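Here's a two-chain model worth a quick look.

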Amino acid sequence: MTLPHPLVKFRPSWQLILTLLMFVFMYLPVLVLAFFSFNASPFSAGWGGFSLKWYAKMISDGRMLSALQDSLLVAFLAVMISAVLGTLMAVGLARYKFPGKGLYQGMSYLPLIIPDIAIAVATLVFLASLAIPLSLWTVVAAHVVFCISYIALVISTRLTGLNQHLEEAALDLGATPQQAFIKVLLPQLMPAIISGCLLSFVLSMDDLLISNFTAGGGTTTLPMEIFSRVRTGVKPDINALSVVLILGSGILAFAAEYIRFKGDQQQLGK
Amino acid sequence: MATSAPLPPVPGAHPSTDTVAAKLKRKLVSLVQPTVLLGPAGIWLFLLLVVPTLMILELSLIPGFRPGEPAGAYGLGNYTKIFELIDGQPIYLWVIARSVLFSVGSMLICLFLGFPVAYWIAIMAPKRWQNLLLVSFVLPLWTSSLLRSYAWITILRPTGVLNSLLGVFNLPPVDILNTQTAVMIGLAYNYLPYMVLILYSSLEKLDRRLLEAASDLGATPQQGFWKVTVPQTLPGIAAGCLLVFITNLGDFVVPELLGGASSMTMARLVYNQFLGATRNWGFGSGLSMLLILGVSIAIALLLKYGDQKAEDF
């Protein structure tokens with residue numbers, strides 16, 4: 001990090017070399033997984049030839065597929081609910097001043113700050129004390145908490161840079177508040193909403209702790225299934241699954257960033 | 001409860017014909033919109049986050065509470081249990097100290113590795129590539145930390161990639177998996193992109209004219225770096241360090257998968273109190289409150305000294 005180094009005058013600089021090394025560091029573990037996922041040998045110590053059998057095994061693994069189904073269902077429902085609640089909250093926070101707004105805003109940041117484990121045990125205690133049976137729905141309800149925060153955060157960032165006169169103009173021209181909201185504000189917010197949804201979908205799909213504490217016996221999400229298998233050692237079919245999931249999350253997150261970036265550019269262009 | 005700034009005029013209401021009833025009606029109408037916007041999310045977060053956290057606070061004050069057993073009297077037993085000696089060792093204090101040391105250690109590694117990377121991307125890389133470089137560096141943050149930690153198992157275990165590599169160079173094998181070293185590697189790996197992201201947003205705002213001015217006045221690049229760049233990015237450095245510290249402190253997956261029995265941390269201990277054999281929810285709640293307290297202290301420091309814009313990530 002310090003500059004006192006004779007190499008600084010030459011290209012490539014040591015910062016470039018270190019950055020390249022860090023890129024390798026970031027992606028190497030994933031590449032190792034990818035490499036072994038195509039390894040015919042079940043012992044990922046040596047190379048036993050190219051094979052797709054772990055991918056075939058993954059697709060025919062019933063427990064894995066049902067876990068995937070649970071995960072997708074939870075993520076989909078949680079994101080749907082959070083998209084509505086999070087958007088309303090972000091717009092409300094940008095629009096109104098009221099006593100206790102600081103507290104409300106603080107509460108909206110809490111899920112991003114408090115450690116997952118603390119949220120997970122608190123939710124479990126809450127559900128247990130009300131004698132609410134654990135199920136897929138309790139997982140959804142718990143996931144909505146952090147998804148709302150995330151979506152609202154992404155939308156708030158966009159709202160601060162938004163042209164508010166457009167909505168006022170619509171109201172002046174006789175639109176009802178609902179019309180102005182749906183026809184003027186919502187389209188402007190769409191890139192942020194979509195991007196926030198994609199990111200919180202990824203967060204929900206990857207969550208282990210909160211699902212683990214709020215899922216009933218009949219529900220197992222993918223991270224829970226993977227966690228219970230990985231604890232007992234390295235499994236070659238988990239390599240294949242990991243590659244697919246990491247690629248999936250990566251693509252969704254990249255798309256989200258791209259949509260947000262394009263949206264911001266459009267906004268600047270106007 | 002809410003007072004709105006630019007509300008549309010209520011149809012039919014006219015100042016000259018104001019009656020108490022009309023005023024009340026207008027007041028009610030003006031409350032509808034804020035309630036619709038802020039109510040649902042507020043209720044959801046309050047019920048499923050604030051109330052549960054208060055319940056944990058209450059449980060933490062009931063010594064040795066176990067589910068299915070009648071709750072005892074209030075007391076501080078769960079908190080004093082932290083100082084308990086088992087076989088002459090203050091094991092719970094060790095757990096807390098270890099969690100803090102892991103977090104600080106990983107934070108420092110992230111800072112020293114992350115600063116040059118953020119510096120290169122923000123200052124030295126071609127402008128048009130900066131966004132893409134940053135997004136690609138930060139992308140792993142969005143993939144499951146469970147799977148990335150699992151990837152490190154395949155690298156670090158006795159018959160793993162690292163030892164195969166060492167074998168190629170005729171070096172003796174190392175046994176890193178299930179040690180505290182493995183936890184440090186895993187934590188630093190997991191949160192390095194986070195640090196880079198926050199430092200980048202701080203370095204990007206750097207006023208480069210000051211650097212030019214410094215160099216015109218005869219400062220060497222080193223002096224420029226230490227006297228201009230670092231002081232200007234200090235809030236960003238503070239924000240990055242504190243946020244990485246917070247996420248490290250609460251991390252469960254990395255110490256659980258890579259640390260083995262030697263790396264019990266607060267998050268793992270909380271997990272075990274709730275889902276493990278002991279089922280001492282009272283003690284678990286106490287530890288959980290302690291974790292929240294640690295995070296709150298870090299947040300208070302962040303609000304005081306940190307670059308608050310950085311929080312937006």
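Predicted model: local features only at pLDDT ≥ 70, side-chain atom pairs only at ≥ 80, totals over all residues.

Q: What is the mean pLDDT of chain A, and which stretch is below 50?
A: pLDDT is the predictor's confidence in each residue, from 0 to 100. Chain A has a mean of 84, with 92% of its residues at 70 or more. The stretch below 50, which has five contacts in the model beyond near neighbours in sequence, is residues 6-10 of chain A.

Q: What ipTM does the predictor give the complex?
A: For chain B, the average pLDDT is 84 and 92% of the residues score at least 70. For the complex, the predictor gives a pTM of 0.85 and an ipTM of 0.84.

Q: How many residues of chain B are in contact with chain A?
A: Two residues are in contact if their C-beta atoms, placed from the backbone, lie within 7 Å. By that rule, 78 residues of chain A meet 80 residues of chain B. The chain A side divides into 59 nonpolar, 13 polar and six charged residues; here Ala, Val, Leu, Ile, Met, Phe, Trp, Tyr, Cys and Pro count as nonpolar, Asp, Glu, Lys and Arg as charged, and the others, Gly among them, as polar. So on the chain B side, going by the C-beta rule, the number is 80.

Q: Where are the domains of chain A, and how many residues does domain 1 bring to the contact?
A: An automatic or database domain assignment sets the bounds, giving domain 1 (6-36) and domain 2 (60-269) in chain A. Their C-alpha centres are 32 Å apart. Domain 2 of chain A puts five residues into the contact, and domain 1 of chain A puts in four.

Q: What separates the domain centres in chain B?
A: In chain B the assignment gives domain 1 (15-50) and domain 2 (84-312). Between their C-alpha centres there are 44 Å.

Q: Why is H7(A) oblique to H8(A)?
A: Helices are DSSP runs (H or I, at least four residues; strands are E, at least two), numbered from the N terminus, and axes are lines fitted to C-alpha atoms, for helices over the stretch in contact, with angles from 0 to 180 degrees between N-to-C directions. Angles under 35 degrees count as roughly parallel, over 145 as roughly antiparallel, 65 to 115 as roughly perpendicular and the rest as oblique. H7(A), residues 165-172, and H8(A), residues 177-206, have axes 9 Å apart and pack at about 140°. That angle is why the pair is oblique.

Q: What is the angle between H6(A) and H8(A)?
A: H6(A) spans residues 136-160, and its axis comes within 8 Å of that of H8(A). Among the residues that meet are Phe146(A) and Tyr150(A) in H6(A) and Leu189(A) and Ile193(A) in H8(A). By class, this contact has 12 nonpolar, five polar and one charged residues. The axes cross at roughly 150°.

Q: Which orientation do H9(B) and H12(B) have?
A: H9(B), residues 221-249, packs with H12(B), residues 281-305, at about 170°, with axes 9 Å apart. Their contact includes Leu242(B) and Phe245(B) from H9(B) and Leu291(B) and Val295(B) from H12(B). It has 13 nonpolar, one polar and no charged residues. Because of the angle, the pair is roughly antiparallel.

Key:
Residues numbered from 1 in each chain as written. Chains lettered and ligands numbered in written order.
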